[in-house]
Amino acid sequence: MPPSSKRSLRSLQTVIENASPESLRGFFFQDDENFVAIASEIAEPFKPLEEEDNEENRNAVIAAINDMKPEVTLPVEIEAQRVLLLTNGKGPSALKVIAEEELSNEEYEAAFAQLGELAVALHVHAHHRRAFDDAVSFRNARLWRDGKLYSAFDVDLEHPKPVDANAIPKEKLLAAVRLRLKLSVDCGMSVVDLPATEAYKPSVLVIIRIPKDITGIPEHLDNGGRRLRFLRPQKEVLLIYTPVEQRIEICADTAPERALVSECFATEVLGHDVSTKPLTWVNYDLSQFFRTLTLDPPAVPGFLVDKTALVEIEVRLARWKQRLRLSVPFGDEIEKTAQSYLAPARVLQRASGISRAVIAVRYRRQESDPPSLLEITISDRNRCSLLSDPDPELRRLGRTLLTEWKIQHPFRDLSSGELGDFLPLLLELHDRGEEKVPATFFSERKSDPDRLVEAKLIVQKDVDDSVIDDFDDEDIPPAKDRMLYAISTEWLEQRIIEALQSVLSIQGKQEITTRLFFIGSMSIDGKDVPCYLARGLGEQKWFVDAEVQLRMRSGAGPGIVFCGKDPGWKCIAANLIMTLPRATDGSAGFARLDKSYVETFFRSNLGLALGGTALTLVENADGESGTLHVPGKPELPLFSEQQVHCFRLLVDAKKKGLPGVKTRDLIAGSKSTGIQQMLGKKRWPVFQDYIEDLGQSWWGLKTS
């Protein structure tokens, strides 16, 4: 029976239990610095396994690895996980495709002469690491095509040209990527030609490897001490370009990376001018069919289009798994059929979404030509039958029609001027986070959401049918007025940071937490003032998280934290909280932000960040929250009735010149047994800057 394995080493144990001794030797004793320590440790127990392959000897190797320090086994466990990725699902075929492209005939035959998929993967890992890495990346790209990290763009090239791996200007493309992503480190790149398959046409795979920030792993030494082993992990951007479809498919961690790298590829590799012809972000919007099922034929240069019609629609009902499909022959009016059978039950008004639509187009290229029929099928959000049409002119016809009908939107980023105009609204959206945003949010602020949809900062998500029962059939608000939008948080975050940096003439970006970013330091009166972007400060949990992080950075001096919603506090740690001012016309909108306003705001309120001039406890009307002001210290928000009670006693004692307050009085009325428990363990380091233990269960207030 194999020894119980640590949960963190399951992949290594799987490899040891299933691979041959020969394959294991190649894997563990390869020329890689991450394997040196583990190879040294298992050298002795590995010898008996090579002499006699049995369960006992395998278990001895597993036991030896289980006894090793985590910093030794972690890098090898990660590699074992990657090896196993290439042994199931799409892994083996991905490895075969890459091996055929990158290995010589002799190398390929030697690799695939190994017995079993695990042996093949281990061999390629040990002897052809670049090919192995590319195979893992390709396997991931194939899996991500329908995932959150995936985007697709169509490129409208006037003069398409064949593109293969040899045609990619690597250095030029990498330089453009570094510039657009503002990277301070060099990147790596692999380029592989992908052959045609039953599902996909010939394409080229570009893998861009971007080093991430240096991180340290504690290494425990035999003498009881420890030291840090510094590593620089990397992330990948995977791009697949299919020339015959003029389509870019890209996988990356964030939407900004996907959009910007795609633009770099279109510009540097395809010679495409994205300023005059923006990439078309493939994200089909079928929501207009909630309003009407009629499609009028627009004029398309080079074609005579005399009839267009929706011939099939599939709607999702209350739950997404429930679906209803309506299909009519070309020539029948689907609108009348829907009115007869769907309108009485208000199916379209109540539907949660539209997942499929089929559009028929009758056209001629010349007046004298007989009419032809083009059928366009759109399913989900990024699948369209036009891609499989071999005729580029018919693809152009289809794309033009979809764009005219606003079913397909070109990606059009906000200009620098628009960013400034939209900045207050974007900050408000940013603070909402994962919430769905109703259409009324935009109408109340006299803003059209369509422009933000075009810039991919928000996406249409659902239609709110909760209000339908409050109206007669003829008075039901149109679907657009009941639309619910989802926020593209990562893309929105990037654009807000760029806008603030542009307005304030600052640069630099560091993610402190997923809700707190350092965005640079601006100079005010000769001093560097750190600036931050925060989200969710109105909620105690996120306020405390941000407060703890900002107090750790107090050495940088007082700063400014920008947020989209007034959290009710004026300061956080030694930083002023700034929401944008309302417009002076009394509307629901905001005034435009400028650098001079920020400088004036900082000068006028700096005293708050430094604690004011007198010891004061300001209690809110509800008695359950308040703010402590101590000269020379940042103001301290208090979030509960018990915290307010505690500091009320401490302030009163200080003002009366009393030595302190007993613990029992400070915690009176609570279920806590001590002051730390009552104030909270997470925020205790913050409170320690304001109170001191006087001994024998007495506590006092620090004022210096």
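Which side chain meets that of Glu268 in a salt bridge? In this predicted model, the partner is Lys172, with an N to O distance of 3.8 Å. The two residues belong to distant parts of the chain, 96 residues apart, Glu268 being in helix H11 (residues 255-268) and Lys172 in helix H10 (residues 170-181). Glu268 is partly exposed, its relative accessibility being 22%, and buried would require a value under 20%.

This pair is one of 25 salt bridges found in a search of the whole structure. Another joins the side chains of Glu100 and Lys96, at 2.9 Å from N to O. Both residues lie in helix H6 (residues 91-102), and because they are four residues apart, about one helical turn separates them. Glu100 is partly exposed at 43% relative accessibility, and Lys96 is also partly exposed, at 37%.

A further salt bridge is formed by Arg325 and Glu314, whose closest N and O atoms are 2.7 Å apart. Arg325 has a relative accessible area of 47% and is partly exposed, whereas Glu314 is buried at 4%. Both residues take part in a network of salt bridges that also includes Glu312 and Arg356.

Strand E7 (residues 247-251) is largely enclosed by the rest of the structure, because five of its five residues are buried. In a regular strand, side chains alternate between the two faces of the sheet. In E7, Arg247, Glu249 and Cys251 point one way, while Ile248 and Ile250 point the other way. Strand E1 (residues 150-154) runs antiparallel to E7 and is joined to it by five bridges. Within this pairing, Phe153 has Ile248 of E7 as its bridge partner.

Nonpolar side chains tend to be buried together in soluble globular proteins. The largest nonpolar core of the model holds 87 residues, of which Phe28, Ile65, Phe289 and Leu402 touch the most other members. Helix H9 (residues 129-144) gives the most to this core, contributing six residues. Another core, of 82 residues, lies apart from the largest one and includes Val177, Ile487, Leu533 and Phe601. When neighbours within four places in sequence are left aside, the contacts of Leu402 are Tyr284, Ile359, Ile376, Ile378, Cys384, Leu386, Ile407 and Gln408.

How values were computed:
Residues are numbered from 1 along each chain as its sequence is written. This is a predicted model: local features need pLDDT of at least 70, side-chain atom pairs count only at pLDDT 80 or more; totals for chains, interfaces and linings use all residues. Side-chain values use heavy atoms; hydrogens and water are left out. Buried means under 20% relative accessible area, exposed over 50%, partly exposed in between (1.4 Å probe, protein chains only). Two strands pair if DSSP finds at least two bridges between them. A nonpolar core is a set of buried Ala, Val, Leu, Ile, Met, Phe, Trp, Tyr and Cys residues joined through side-chain atoms within 4.5 Å. Contact means heavy atoms within 4.5 Å. A salt bridge is a side-chain nitrogen of Lys or Arg within 4 Å of a carboxyl oxygen of Asp or Glu.
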